[in-house]
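Let's take a walk through this one together.

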Amino acid sequence: MIVATRKPFEEIKKSLAAYQNILVVGCGTCVAVCLAGGKKEVGLLTSQLRMSFGLDKRKVRISEVTLERQCDHEFLEMIRDQVKDHDVLLSLACGAGVQFLAEAYPEKAVCPGVNTTFIGVAEAAGLWTERCRACGDCVLAVTGGICPRTKCTKGLNNGPCGGMVDGKCEVDPERSCAWVSIYDRLVREGRLFQIESILPATDFRRQTKPGTVTHAAYLRRYHAGSK
Amino acid sequence: MPALSKFAQILESDAFIVTCELDPPKGTAPSLLDNKIAALKDKVQALVVSDNPNARMQMAPMGFCRYLLDKGIEPIMTITCRDRNRLALQSDLLAAAGLGIQNILAVTGDYITWGDHPESSPVYDLDSVQLLWAISLLNLNKDISGSVLEGPAPLFTIGAAVTLAANTILPQILKFRKKEGAGAHFFMSHPIFDLASVAEFFKQVSELKAPLFASVCILTEEQIREYSPGKYPGLFVPKPVLEKFQSLNPGEVLPRMIEHTAALIEEIKKDGRFRGVHLMLQGEEERIGELV
């Protein structure tokens, strides 16, 4: 899932300084799971904003709504009437959701309430860690299910750097070196030979921004290339 | 056609070789280092010029290497994967060859957050193995896209880094073997502080395809005081060595460090597994006479 963290309150409040009618829009999917922008967080932020504007003696009307997703047209359409009464939409979705909301309502100002951080997993309660850089060229079959492009800070393709100490990363001594993990895993699986030859340089064309994916069944409809 | 570099010719001899690391200035005047250069000149066969060491922005090694060549000193130009993509790496290498710089030490590079521009974007478009492969291709007059270079091919002598003393040595050896395969002509180790700590490496690696230099390092008082594994990139100090120096009064550290390193250099010379020693003197370059 996409993992996000809520922006500092003061930054959010500053971005709303020019507006009197605010709609806080949550997203019920990834950002809800990582406790950054779901219904509960929308409620908390809305209350906090009301109190803060109240203390400032500013007359601001704040409403709230949480969509199932902000990255699909059908859900964004559900708030069309509600949006009319507001002059700014504070989206707690990931960056994709914020932009899709802004595209759906081009006449409204849109501000983000979270910082989108990475594609990751819920490693434990309240702990999310990165697993994927969306490089478009997955090497996990070769590297024992551990991504060197994500879990190695330097994204190296051919083994650990010289900064590894005691199996730990040069950049964060608390974290295992990705290449030590890959090595150990492949030894256990009897597949070390997979990383004994030189892995070629990454083809960054697959990461050309912005990416587009067209399902094979829809190629004719969109006349678009496939990522 | 260019001739092999002086350093390459020495590598082909049986001589025990001494090289020393020298950081370019953080400024525009290479002459700032003239005193150090003068002290090192007759003591070493080549100077290894670092490339933004510890991710600290300094004069590009290419310019400083050319300055050394003008002074009659053989340079080895370090090039890291951290700051340049594959276009910049290759074009800088062509420029270096054009300026007469033929010895290259190709390394990954300390991570960007160690340095004085921690907010900058790290590159690592190629890793060090791929960079070695790219330099080997340049020697064949091709770039890594397969295009043929115009004019004579460069004649780089290609160096790589190797970790001899890591606790988790097998993954490092895997990478070392890949570097051999990518065409490294010589290897320079990360600093070692005793020969006991390289035993595990040599238990696994009985045959070396390319000459190996053992690096020795004069640790600063601060490094000894503050050291913990991972505190300084690429620095792994065995506990007995660390304890020996931590028990000293501050003023005693440098002379004892020099004494320790001089004795280690003698051991390395006699050991037979190393073609030379690479000195990392960290500001004490003018005391090289006490070491070699």
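**Finding your way around**

Start with chain A, which the domain assignment splits into domain 1, covering 2-118, and domain 2, covering 133-207. Taken over C-alpha atoms, the centres of domain 1 and domain 2 of chain A are 38 Å apart. Keep in mind as you look that this is a predicted model.

Now pick out the open sheet in chain A. Its four strands run in the order β3-β2-β4-β5, and the pairing is parallel. At the edges sit β3 (61-67) and β5 (109-112) of chain A, each with pairing on one side only. Going from one strand to the next, the twist averages 25°.

For a closer look at the pairing, go to strand β2 (residues 21-27) and strand β4 (residues 88-91) of chain A, which are joined in the parallel sense over four bridges. Here you'll find A:Leu23 standing opposite A:Leu89 in β4(A).

Next, see what packs on that sheet. Helix α3 (residues 39-55) of chain A touches β2 and β3 of chain A, and its direction makes about 175° with that of β3(A). Then there's helix α6 (residues 95-104) of chain A, lying across β2, β4 and β5 of chain A and running at about 175° to β5(A).

Time to see how the two chains meet. On the chain A side, 26 residues are in contact with 31 residues of chain B. The chain A residues on this side divide into 13 nonpolar, eight polar and five charged.

Helix α8 (residues 178-188) of chain A and helix α6 (residues 169-181) of chain B have axes that come within 9 Å and cross at roughly 95°. From α8(A), A:Trp179, A:Val180 and A:Tyr183 meet B:Leu170, B:Pro171 and B:Leu174 in α6(B). By class, this contact has six nonpolar residues, with no polar and no charged ones.

Finally, move along chain B to strand β7 (residues 212-217). Is this strand enclosed or open? Six of its six residues are buried, so β7 of chain B is largely enclosed by the rest of the structure. In a regular strand, side chains alternate between the two faces of the sheet. Both faces of β7(B) are covered, with B:Leu212, B:Ala214 and B:Val216 buried on one side and B:Phe213, B:Ser215 and B:Cys217 buried on the other. Strand β6 (residues 186-191) of chain B pairs with β7(B) in the parallel sense over three bridges, and B:Phe187 stands opposite B:Leu212 in β7(B).

Notes
Residues are numbered from 1 along each chain as its sequence is written. Chains are lettered from A and ligands numbered from 1 in the order in which they are written. This is a predicted model: local features need pLDDT of at least 70, side-chain atom pairs count only at pLDDT 80 or more; totals for chains, interfaces and linings use all residues. Two residues are in contact if their C-beta atoms, placed from the backbone, lie within 7 Å. Ala, Val, Leu, Ile, Met, Phe, Trp, Tyr, Cys and Pro count as nonpolar, Asp, Glu, Lys and Arg as charged, and the others, Gly among them, as polar. Two strands pair if DSSP finds at least two bridges between them. Helices (H or I, at least four residues) and strands (E, at least two) are DSSP runs, numbered from the N terminus. Axes are lines fitted to C-alpha atoms, for helices over the stretch in contact, and angles run from 0 to 180 degrees between N-to-C directions. Domain bounds come from an automatic or database domain assignment. A residue is buried if 20 or more other C-beta atoms lie within 10 Å of its own, exposed if 12 or fewer, and partly exposed in between; C-beta atoms are placed from the backbone.
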